[in-house]
Structures are given as structure tokens and as C-alpha cells.
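Welcome! Please take a moment with the sequence and the 3D view below, and then we will walk through them together.

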Amino acid sequence: MKKYIITILLFAVTFSAGATDTERNNYDDIDGYFKAAEENDSPNINYFYISKAMLTMAGNSAYNGSDVNLKTFTDKIDFMRSVEIVSNKSDDDRLLLKNAERLATDVYAEYDYKNLLTTSKEGLRSYLFYKYGEGGLCSVLVVTTLKKAHPETGKIELSYARVLLIGGTFRAEDIPTLINL
Amino acid sequence: METRELIENFYDGCTTAAEENELRRRLCNEPLPADIEREKELLLAMLPAAEAAPAQLAERLSQLIDAASEREEKSRRKRVRLYTWSSSVAAAAVLLLCLFAPTTQQPRDTFSTPEEAAVHINEAFAHLASIIGRGAESQREVAGHLNIIGAATGNSIHSIVKFQE
């Protein structure tokens, strides 16, 4: 009896530990990427998540000086999530930078996002993706990366990335209107 | 042996167990003379209360009791094993559930005040606007280039047509 219990416990402990892939250990999908960024303590990574409740309160807040009609937009947004990596000094920074670039490829190839816009100039590349879900839901994913030459080695490398995900019940073509463009 | 003789022997303490049983039987089941009838109740009260169990019956009873006791003991041990096994399986299942239970937690709000959130929302929209603006500028550049190409192409065609004319 004791042997059976110990065997079960050993199996449980073994299966609960997962092997990590150093290449993609913090990214297996969009949520995984944001989660990895959220849990990262690097000072070069800026992460935020804003829920529907907070968006609604922000829209009603007394903040002035905004170019955006927040209240109009916050009615349609369900959440906003952002990661910004401003350096490539540490291994964590470089991994998130690399995965941000990979995300831009994967959302198009694997997650059925459509490319609304791509701009590229002097190493600064931006992608604007969107995807419609059931019930009129829409996700807009913005991926921006910057590649520039390393000051010492001269090698072109990723030095900045921003990933912004907005979800809600709006149409992708409403975005320019909503941000007063 | 006569009933009177049995009674005499009984009073004298000389009867065997079998004789006493016989005497009891006769007193209960057979017609008795009047004088013995008067003594019947007294004699029945004095005679031993029950028949002695046969030796085989005692042994059989003992065996039955032992068997019942053993069955009860086995059943008790079986119940104890079952409870032990069930509780072990339940404990292991709870442990596995705790380890493998999927977590579906919603992400937590980063900002504690709506004003702070509003600042970042505006910044995010500014970033989005800059991307769309760059896209529009690129389109204008491309459109401009196309106009130049179109104009050049148009002039060339015009020249060719004029030449052909």
C-alpha cells in the first residue's frame, strides 16, 4: 500500500515539472508572451494590463489633455495589454525582443490574424493585425520592432519592441476614427 | 424400571442422568397413579432443568461460534483495508488535482487609479496613431511615385502615338 502511494506521488511530482525550451520558454501563444513579460522583473520591460472596469473608469475620469475620446472608445474595448522592451542588455530582454518579432510572423501564419498595415522605415517596422471572433469581438495586435547597429560591433540587432493588444467589440476600420485621425 | 423405583432411586441420589431424563419424561407424558400425581410438581422442580446437551452438539456449537467469529474478523479486516485504500486513493487524487488543475486566472490590472490608466491608454493610442500615420505617409509617397511614373508613362505613350501618327 505504501509503495503504491509513494509511486503515485512520485508520478505526480514528475509530471508537474515541465521541461523548458530555452528558445521559446516564455512564449507559446499571445497570452503566454504577455504572461512571460508580466512575470519578468527586468527594469527594461514595461508591461501593463487594463481591464474593462478600469477602462470604463478611465473614460469617466477627469483626465484632460487627451487627444482621444476615451469615453467613446472605452465603451467598446474589453481590455488593453501592452509590453514594451526598451533594451537588449539582458538575456530576458533579448528573448522577449526575439519573440516579439516571431509573434508578428506567427499571428499571421498560425493564429488567423489578418494584416491591416505594415510599415517599415530605417529599421523601424510596425505591423497592425486584426482578427474577428464570435459575437462581434475584434482583436487588434500591434507589433513594432526596431533594429539598429550595435554601437561597438556594428552588428544589426533588435533593440526595441512594443506589442500592444486591444480587444473589444469594434471593427478594425473604426480605429482611425476612434483615435481621431 | 418402574416409575416408583425411579422416584425412590432419585430421592436416594442414585439415579443417572439418563434415568432422571426418563423420569422427567414419564412424569410429563405418561398417565400417573394418583399418589405420584401429587408428587409430580415437586419432583419436576427437583429434577435437573434441561437435558444435558449431547457431546457432539457442544462441539458443533463451539465450531459454529469459532467460524462466526472468524468470519466477523475477516469482514472487519476487509473493511479496514478498504477504508485505508479508499482514503489513500482520495488523497492521491486530491494531490493530483492540486498539481494539475488548470488555472484560468484573469490578468490583474496594472494600475490602481483610472487617471494612471488613462495616461497609458492615451500613450498607446498615440503609438497606434503614429503607426497608422506612417502607413498613410507611405501610401502618399507611393502614390506620388505612381503619379510620376504615370506621368512619365503617359508622356511616353503620347510621344509614341504622335510618332506613329
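Predicted model: local features only at pLDDT ≥ 70, side-chain atom pairs only at ≥ 80, totals over all residues.

Let us begin with chain A, which has six helices and six strands. Read along the sequence, its elements follow the pattern α-α-β-α-α-β-α-β-β-β-β-α. Of the 181 residues in chain A, 43% are buried. Contacts tell us about the fold as well: among those in chain A between residues at least 6 apart in sequence, 61% join residues at least 24 apart.

Now turn to chain B. Here you will find five helices and zero strands, so if you trace chain B from the N terminus, the elements run α-α-α-α-α by the DSSP assignment. Chain B has 165 residues, and buried ones make up 19% of them. For contacts in chain B with a separation of 6 or more, 47% come from residues 24 or more positions apart. Its accessible surface comes to about 12300 Å², with 58% belonging to carbon and sulfur atoms.

With both chains in view, we can look at charged side chains. Side chains of opposite charge can pair when their charged atoms come close. Over all chains, the count comes to 12 salt bridges.

What does R81(A) form a salt bridge with? Its partner is D31(A), and the closest N and O atoms are 3.4 Å apart. This pair links distant parts of the chain: R81(A) sits in strand 2 (residues 77-85) of chain A and D31(A) in helix 2 (residues 30-39) of chain A, 50 residues apart. R81(A) counts as buried because its relative accessible area is 7%, under the 20% cut-off. D31(A), with a relative accessible area of 48%, is partly exposed.

Another salt bridge joins R162(A) and E123(B), with the closest N and O atoms 2.8 Å apart. This one crosses between chains, from strand 6 (residues 156-168) of chain A, which holds R162(A), to helix 5 (residues 114-164) of chain B, which holds E123(B). Is R162(A) buried or exposed? With a relative accessible area of 2%, R162(A) is buried, whereas E123(B) is partly exposed at 34%.

Within chain B, the side chains of E73(B) and R77(B) meet in a salt bridge at 3.6 Å, N to O. Both residues lie in helix 4 (residues 55-100) of chain B, four residues apart, which is about one turn of the helix. E73(B) has a relative accessible area of 31% and is partly exposed; R77(B), at 43%, also counts as partly exposed. Chain B has a network of salt bridges too, linking E22(B), R25(B), R26(B) and E30(B).

Finally, let us visit the surface. E2(B), E5(B), E8(B) and D12(B) gather there in a patch of negative charge. D12(B) lies in helix 1 (residues 3-12) of chain B, and at 54% relative accessibility it counts as exposed. A nonpolar patch of about 410 Å² is made by M1(A), Y4(A), W85(B) and V89(B). One of these residues, Y4(A), is found in helix 1 (residues 2-16) of chain A. Y4(A) counts as exposed because its relative accessibility is 54%, over the 50% cut-off.

Key
Residues numbered from 1 in each chain as written. Chains lettered and ligands numbered in written order. Heavy atoms only, no water. Patch = residues over 30% accessible without salt bridge, like charges linked within 9 Å, V, L, I, M, F, W, Y side chains within 5 Å. Areas by Shrake-Rupley, 256 points an atom, 1.4 Å probe, with all protein chains shown as cover. Salt bridge = Lys/Arg side-chain N within 4 Å of Asp/Glu carboxyl O. Lys, Arg positive; Asp, Glu negative; His and termini not counted. Charge placed at Lys NZ, Arg CZ, Asp CG, Glu CD. Helix = DSSP H or I, 4+ residues; strand = E, 2+ residues; numbered from the N terminus. Buried < 20%, exposed > 50% of the residue type's maximum accessible area, 1.4 Å probe, protein only. Contact = heavy atoms within 4.5 Å.
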